Amino acid sequence: MLRSTDTAVRAIKGLSFVAFLFLFAMPIAAQSDITGFWVFRVPTPDGNIRESFFDLKLDGQTVTGNAVQNTRQIPISDGTFHDGALHFTVTTTFGNPPQSRQTAYDGHLDGDKFIFTSQASGRDPVKGTLEHSKPEAALPPARLPLPDLHDVSDNGLARTPPMGWNSWNKFAGRVDDVTVRAVADAMASSGMKNAGYTYVNIDDTWEGPRDAQGNITSNLKFPNMKALADYVHSKGLKIGIYSSPGPKTCAGYEGSYGHEEQDARTYAAWGIDYLKYDFCSAERIYAYTSPDLLAVYQKMGDALLKSGRPIVYSLCEYGRGDVWTWGAKVGGNLWRTTGDISDNWRSMSNIGFRQFDIAQYIRPGHWNDPDMLEIGNGGMTADEYRTHLSLWSFLAAPLLAGNDLRSMSDETKSILMNADVIAVDQDTAGKFVKRISDPSATAATLAAETAVVLARPLSDGSMAIGLFNRGDQPQSVTIHWRSVDLAGKKLRARDLWSHSNVDISGESYSATVPAHGVVMLKVSVAR
Ligand code: GLA
């Protein structure tokens, strides 16, 4: 009996152990099978949440699978999971020429999610949570139909190329309300405002999430965009903002996709005067072809007009689809013609000296934009920065300073605020520059030539002449007056950098130009 009782007790104990296993231990085992779709959510200091997705498969203690970026799958490597600890690595390639970056992911199970960290090589670790998700969550919004094309009416703005400042070149993701106010103060107090610089433009990384009604909000770096706009206006300046026709901006913030009219209304309500609209994710996700670009940019062109506020429209799609031939049709006041500039001679000169073939597409209200200025950022010599401003002025490019206006050296100020050179940029006739060359020169010989002579007719009948030296040694650069129809005339000339009159009698004029430098003249026929 005892034995049987014992057996019964043992049987009951055995049963309850099985029940215990069934009720508690099994779900733990199930929870520990991490096979499935996951989202890594990282709260950022500016109040956004960054999400990245993973499709994982557990086999024993080995984890395989992919990082999922929109429709792109990047295989993970070194994946392991044991004792609640998960580890894997993702190697991404980017750029041209391609570079690769390894990111290590590590976390431990806490309930039904992981406390999770990613660390890209050479970067600080990023902390967040890895939570269950669904594959649909990783997909971009469905492609929306594009509107039929029509000509967007001219908004009447930017009769001369816009002048101002933009946050990206110097501050990138570090721009915030305090900095923008201080830059507006400096723009007014340093003389920049008097020199013509007007727009204080916030580039990428101001964006927060959308609210329940789908309205875009600013993130914690910009507590009150309307108040900031009021402040900038109180200084007699104008304010610009940035977005993308895609769901995400280039820095991964909220774009305007499917919210074009709503966003234009928000900008107008805040008091925004200028929008830079940057292609970014729209290109990657929806594989738009060149003809699609017109409709994509027309949407925001229409939306800005409909907002009722005068807002300068700056297209940024790096020159895709020969934007200079259609930018004005979609309401654009300016359009980027190139990829991004960097603060070095190679980048600036490669961009600036390759704009002449499309120079003819400018006209008042509609300008080629070879990207923002790097003057004062420290990567070029004073001669190179003088070339930068001169070249941009010959091109009638927008002059958007990209440096820290709060701490400009006297040299930087003397370059950025050279009224004579700025006057060439801002000339009201909006005529285009020509490169003056020997008629027998081929494209190849011209490209190899380090002496570059430019001429731009100005509204008062005078002509701006640029003698540029792209070479690494000083050299003499010559203009023959017959090549600009000024032979045999009595000419007057002013050097726009030395601010002195120059004697240019004779059939030609030669100047010794420093390496990477320029001599810039304003030449008129003497009465
Ligand atoms: C692109 C643009 C830049 C800048 C960044 C911001 O690269 O070309 O001018 O706006 O995006 O993310």
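User: What is 2.6 Å from an oxygen atom of the ligand in the side chain of Asp 203?

Analyst: An N or O atom of that side chain sits 2.6 Å from a ligand oxygen atom. Keep in mind that this is a predicted model.

User: How far is the side chain of Asp 204 from an oxygen atom of the ligand?

Analyst: The distance is 2.8 Å, again from a ligand oxygen to an N or O atom of the Asp 204 side chain. For Arg 336, the corresponding side-chain distance to a ligand oxygen is 3.1 Å.

User: How much of the ligand's accessible area does the protein cover?

Analyst: The protein covers 92% of it, where the ligand on its own has 300 Å².

User: Which residues come nearest to the ligand?

Analyst: There are 13 residues around it, and the nearest are Asp 203, Asp 204, Lys 276, Asp 278 and Asp 340. By class, the shell has 7 nonpolar and 6 charged residues, with no polar ones.

User: Switching to cavities. How many of 30 Å³ or more are there?

Analyst: The structure holds 3.

User: Which strands supply at least two residues each to the lining of the largest?

Analyst: Strand 14 (274–278) and strand 15 (312–316) do. The lining includes Tyr 274, Lys 276, Ser 314, Cys 316 and Arg 336. Its residues divide into 4 nonpolar, 3 polar and 4 charged.

User: And what classes line the second largest cavity?

Analyst: That lining has 7 nonpolar and 2 charged residues, and no polar ones. Among its residues are Leu 144, Pro 145, Leu 146, Glu 260 and Lys 299.

Note on methods
Residues numbered from 1 in each chain as written. Predicted model: local features only at pLDDT ≥ 70, side-chain atom pairs only at ≥ 80, totals over all residues. Heavy atoms only, no water. 1 Å grid on protein atoms, 1.4 Å probe; cavity = no way out; pocket = protein on both sides within 12 Å on 5 of 7 lines; lining within 4 Å. Points joined across faces, edges and corners; volume = space filled by probe spheres on them. Helix = DSSP H or I, 4+ residues; strand = E, 2+ residues; numbered from the N terminus. Nonpolar A, V, L, I, M, F, W, Y, C, P; charged D, E, K, R; others polar. Near = heavy atom within 4 Å. Polar contact = N/O pair within 3.5 Å; in protein donor to acceptor, adjacent residues only side chain to side chain. Areas by Shrake-Rupley, 256 points an atom, 1.4 Å probe, with all protein chains shown as cover.
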